[in-house]
Amino acid sequence: MENDGGESLQGPVTCGAWIRRPEKRNLVVLGRSRRGNSCSSMLEIFSFDPNTTSLPSSPLTTFVLEEVEGDPVAIAVHPSGDDIVCSLSKGSCKIFELSGGEMGIKLLAKELPSLHDVGPQRCIAFSVDGSRFASGGENGHLRIWEWPTMRVILDEPRAHKSVRDMDFSLDSEFLASTSTDGSARIWKVEDGVPLTTLSRNGDEKIELCRFSKDGTKPFLFCTLQKGDKATVGVWDISTWNRIGYKRLLRKVASIMSMSLDGKYLALGSKDGDVSVVSIKKMDILHYIKRLHLGTNIATLEFCPTERVLLTTSVEWGAVITKPNVPADWKEWQIYLLLLGLFLASAMVFYIFFENSDSFWNFPTARPRILGDYQSSDHQNGFGPFGPVDM
């Protein structure tokens with residue numbers, strides 16, 4: 001059931017995600033839960049204005065879910081921006097196709113039997129290249145499919161006690177998954193087999209996980225909870241050994257996100273704080289207190305093309321935030337810099353040319369050396385004096 005406008009009464013926001021569209025345009029999809037009999041659960045698509053860093057009050061389109069399907073739990077968007085998968089509280093996943101232009105955009109539900117009746121899924125994710133899709137259930141069942149053929153690569157009912165979090169590596173070779181019991185496992189995606197279990201101290205819990213995405217640092221970042229102390233540990237994925245840890249959030253983390261270019265890591269707390277970290281220096285660049293005051297942050301995601309964050313919570317809804325991080329170079333700035341370097345090089349060459357001696361001033365007449373001669377002896381390569389007797 002689809003409706004092109006919003007409703008006067010709306011349920012709380014339970015999840016959200018960015019949608020990357022052509023020409024660096026971005027949309028936002030939000031999932032709302034049912035509120036009594038007055039409001040149905042639904043998905044909403046909003047446009048994003050990078051100039052004002054905000055979402056409009058009315059969505060571009062809305063898809064109302066049936067009561068038997070339950071409420072949205074998690075959303076995963078294919079890297080192409082064409083497909084959206086939403087896990088639902090009644091134990092299934094629903095797939096949507098995004099069609100039309102920005103002013104006439106529509107969400108079309110598609111049938112995908114492989115995702116019917118899979119049980120409540122806490123985590124769903126696409127690989128970076130979009131060729132794999134994974135889901136992790138509350139019952140600990142972990143699945144990996146080939147996308148879009150839905151060929152089963154991994155089907156492990158007892159992967160964990162209950163899946164807490166998961167993430168694909170940049171090259172889609174590995175999948176990291178964590179459990180509510182504090183353990184974490186690494187899976188070889190192509191073969192669909194477990195590779196290793198991350199080491200931890202007996203009183204430590206590994207909760208959240210994100211792979212580095214810059215293509216140069218082969219690391220896995222995981223949040224560690226030890227009593228009331230929360231840190232971020234770093235594992236080298238070439239050996240799967242832990243190489244260090246650092247405290248980057250003053251609270252217990254509820255969610256973690258990595259920017260698409262791998263430069264920044266963001267952590268959201270269970271009482272509404274957000275910390276944005278530089279991967280290069282592992283230092284906090286921006287700490288935002290009480291962004292979602294007193295509420296667990298359910299969604300935390302970097303925009304695909306802008307330095308802004310999407311966060312959601314049941315209490316405060318969706319919030320767009322521009323963190324205080326160094327600005328990226330724009331495309332026109334790069335071209336302007338290259339033009340400036342070219343002009344500066346040309347100017348330096350001209351100055352050297354004008355102030356050089358006569359030899360480097362490229363004379364037009366060829367200098368005569370030892371006179372001109374055209375004897376046959378010279379023409380045969382021995383010069384005017386003939387061959388030399390050795």
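Which loop holds P148? P148 is found in the loop between strand 12 (142-146) and strand 13 (152-156). A cis peptide bond joins W147 and P148, with omega at about 5°.

This is a predicted model, in which local features need pLDDT of at least 70, side-chain atom pairs count only at pLDDT 80 or more, and totals for chains, interfaces and linings use all residues. Residues are numbered from 1 along each chain as its sequence is written, and side-chain values use heavy atoms, with hydrogens and water left out.

**Overall build**

The protein has two helices and 28 strands. Helices (H or I, at least four residues) and strands (E, at least two) are DSSP runs, numbered from the N terminus. Of its 390 residues, 47% count as buried. Buried means under 20% relative accessible area, exposed over 50%, and partly exposed in between (1.4 Å probe, protein chains only). Contact means heavy atoms within 4.5 Å. Among contacts with a separation of 6 or more, 44% are between residues 24 or more positions apart.

**Backbone exceptions**

Most residues other than glycine have a negative phi, and most peptide bonds are trans. E23 is not a glycine, yet has a positive phi of about 60°. E23 lies in the loop between strand 2 and strand 3 (25-32). E23 counts as exposed, because its relative accessibility is 75%. S172 also has a positive phi, near 65°. S172 lies in the loop between strand 14 and strand 15. With a relative accessible area of 8%, S172 is buried.

Strand 15 (residues 174-179) contains S179. S179 is buried, at a relative accessible area of 1%. Leaving aside neighbours within four places in sequence, S179 contacts H160, K161, S162, R164 and I206.

**Aromatic pairs**

The whole structure holds nine aromatic pairs. Rings of Phe, Tyr and Trp (its six-membered ring) pair if their centres lie within 6.5 Å; planes under 30 degrees apart count as stacked, over 60 as edge-to-face and the rest as tilted. Two of the pairs are tabulated here.

| Pair | Centre distance | Plane angle | Class |
|---|---|---|---|
| F63 and F96 | 4.9 Å | 70° | edge-to-face |
| F126 and F133 | 5.0 Å | 50° | tilted |

F63 in strand 5 (residues 61-64) and F96 in strand 8 (residues 93-99) are 33 residues apart, so this pair links distant parts of the chain. F63 is buried at 7% relative accessible area, and F96 is buried at 0%. F126 is buried at 11%, and F133 at 0%. Ring pairs link F126, F133, W145 and W147 into a cluster.

The charged end of R250 sits over the ring of Y287, 4.1 Å from its centre. This label requires NZ of Lys or CZ of Arg within 6 Å of the ring centre and within 35 degrees of the ring normal.

**The largest pocket**

A pocket is an open set of points on a 1 Å grid over the protein atoms alone, where a 1.4 Å probe fits, with protein on both sides within 12 Å along at least five of seven lines; lining residues have an atom within 4 Å of a point. The largest pocket is lined by 46 residues, of which I75, I124, A125, R210 and E301 lie nearest its centre. Strand 2 supplies the largest share of the lining, seven residues. Strands that each supply at least two lining residues include strand 6 (72-77), strand 10 (121-126) and strand 18 (205-211).
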